[in-house]
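Dear colleague,

Here is the structure I promised to pass on to you. My notes on the ligand and its surroundings follow below it, and I would be glad if you read them with the model open.

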Amino acid sequence: MKIALIGYGRMGRAVEQAALERGHEIVARLGSAWGGGTEDPELEDAAVCVEFSRPDAALPNLRRIAELGKPLVVGTTGWYRDLSLAGRVVAEKDTACVYAPNFSLGLNLYLQVVERAARLFGSFEDYDVLATETHHRRKIDSPSGTAGRIGEILLEQIPRKRRIVTDSLDRPIAPDELHLLAGRAGHFPGTHSVVFDSPADSVELVHRARSRMGFALGAVLAAEWIRGRRGFYSFSRMLQEILDGQESTDTQP
Ligand SMILES: NC(=O)c1ccc[n+]([C@@H]2O[C@H](COP(=O)([O-])OP(=O)(O)OC[C@H]3O[C@@H](n4cnc5c(N)ncnc54)[C@H](OP(=O)(O)O)[C@@H]3O)[C@@H](O)[C@H]2O)c1
């Protein structure tokens with residue numbers, strides 16, 4: 001399959017490596033100059049575009065790709081206030097898009113584990129909860145999009161938590177507040193943790209990305225899946241559709 005890379009930084013290069021290993025061809029590698037307004041004829045050949053750029057470029061790039069009628073995978077983080085607008089653009093142009101703050105397969109399965117754990121621990125008042133994330137020092141947005149999703153899951157599953165607090169505090173935290181902390185240092189590709197803490201014990205669930213290749217592989221899987229489809233999908237919905245499909249195949253006589 002012919003893939004165009006929109007954004008050719010650390011993630012764009014990792015996607016290139018993963019795509020080549022799976023037998024795909026890279027037909028375009030575009031950076032901020034493309035974002036500045038120049039057309040690139042190489043995109044005409046692309047079956048799917050994969051976008052890892054900057055938060056402020058994600059929506060304009062999505063519009064341009066949708067105009068061209070190309071399916072798109074968006075890995076850029078920090079633009080999710082525009083998510084419903086992006087969904088409308090994709091629907092209006094009758095094209096296709098998969099997005100995710102984190103394309104790691106392991107992380108997405110981890111989110112399901114966190115959801116289940118939050119339901120269990122959330123049933124017992126003794127357990128409080130804390131969420132943390134750590135990334136390399138060059139990451140622009142904070143907290144990470146994934147940490148934001150973890151925060152949403154915890155609020156959904158633990159009714160006594162009603163608000164996320166990301167700032168440093170100069171007061172005791174209120175019982176209905178969920179503290180979500182971001183750390184930036186060194187070269188961490190991404191660590192997320194959720195701790196359930198009681199007077200008796202502490203239970204910590206951690207996902208540690210080893211390298212960018214996990215994200216890159218997930219993005220390439222998404223590119224393969226979105227080709228020939230229509231609609232606006234989160235990566236977790238894509239995985240659910242794949243799992244549901246496997247289940248119905250498994251249960252066929
Ligand atoms: N979803 C996931 O699984 C996942 C995993 C890791 C990272 N990310 C996210 O992916 C994004 C990129 O991360 P990175 O580490 O690859 O960053 P990076 O190394 O800084 O690379 C960013 C790239 O975007 C290009 N760019 C900037 N403005 C652009 C525009 N308007 N149009 C097209 N390209 C543009 C830059 O090109 P120039 O060099 O020409 O400026 C550069 O090549 C970030 O938002 C990061 O948080 C997501």
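The ligand takes up the space of the largest pocket, in what is, please keep in mind, a predicted model. Helix 1 (10-21), helix 2 (32-35) and helix 3 (55-67) are the elements that each give two or more residues to the shell around the ligand. That shell holds 25 residues, of which Arg10, Met11, Ser32, Thr77 and Phe103 come nearest to the ligand, and by class it divides into 10 nonpolar, 11 polar and 4 charged residues.

Turning to the pocket itself, the largest pocket has a volume of about 880 Å³, and among the 38 residues that line it, Arg10, Met11, Phe52, Ser53 and Thr76 are the closest to its centre. Two or more lining residues come from each of helix 1, helix 2, helix 3 and helix 6 (145-157). The lining is made up of 14 nonpolar, 18 polar and 6 charged residues.

With best regards

Note on methods: Residues numbered from 1 in each chain as written. Predicted model: local features only at pLDDT ≥ 70, side-chain atom pairs only at ≥ 80, totals over all residues. Heavy atoms only, no water. Near = heavy atom within 4 Å. 1 Å grid on protein atoms, 1.4 Å probe; cavity = no way out; pocket = protein on both sides within 12 Å on 5 of 7 lines; lining within 4 Å. Sits in = over half its atoms within 2 Å of the grid points. Helix = DSSP H or I, 4+ residues; strand = E, 2+ residues; numbered from the N terminus. Nonpolar A, V, L, I, M, F, W, Y, C, P; charged D, E, K, R; others polar. Points joined across faces, edges and corners; volume = space filled by probe spheres on them.
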